[in-house]
Amino acid sequence: MANVHKDFHGCFSYALKFLYEEFGFSEVEEYLRRIARNVYAPLIESLRSFGLPALKKYLENIMALEEADFDLQYKDSKLLLIVKKCPALHHMRARSYEVFERFCESTRIINEEICRQAGYKATVKYDQLKGTCTQCFQKEK
């Protein structure tokens, strides 16, 4: 198993909290959208070129590296990622890191931007207290 830097989630949570307190949530959102466009440019191109199977492969790899409890399935032309136990939230809580109150919004915003750039759309329903979420991806009509 590759070495996964789970402490990244804690650093990321503190960074988001700092940006929120200093500049407000609109700046947090713009920051996350820029991250999505730049850091995930190869994923955007794969999604644009190969569709949801490319995203499925990416998510399977990330979830395996994070040792997540998840289910990934196609349903009605949609790709559904069901995270039963979020590895980021679980790790931060186990280490007593403060979790930014809107931490899960980062997943929603980054997913939306990656998909928007590739002609897809994404939605996320999450319960940050329980550490669960369902992410849905589908082609933009």
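Trainee: In which loop is the place of Ser 77?

Mentor: Keep in mind that this is a predicted model, where local features need pLDDT of at least 70, side-chain atom pairs count only at pLDDT 80 or more, and totals for chains, interfaces and linings use all residues. Residues are numbered from 1 along each chain as its sequence is written, and side-chain values use heavy atoms, with hydrogens and water left out. Strands here are DSSP runs of E, at least two residues, and helices are runs of H or I, at least four, numbered from the N terminus. Ser 77 sits in the loop between strand S1 (69-75) and strand S2 (78-85).

Trainee: Is Ser 77 buried or exposed?

Mentor: Buried means under 20% relative accessible area, exposed over 50%, and partly exposed in between (1.4 Å probe, protein chains only). Ser 77 has a relative accessible area of 66%, so the call is exposed.

Trainee: What is the phi of Ser 96?

Mentor: Ser 96 lies in the loop between helix H5 (87-94) and H6. Its phi is positive although Ser 96 is a residue other than glycine, with a value near 60 degrees.

Trainee: How many of the residues of H6 are buried?

Mentor: Among the buried ones are Arg 108, Ile 109 and Cys 115. H6 is mostly covered, and the count is 10 of its 14 residues.

Trainee: What does Lys 121 count as at 37% relative accessibility?

Mentor: Lys 121 is found in strand S3 (residues 120-127). Because its relative accessibility is 37%, Lys 121 counts as partly exposed.
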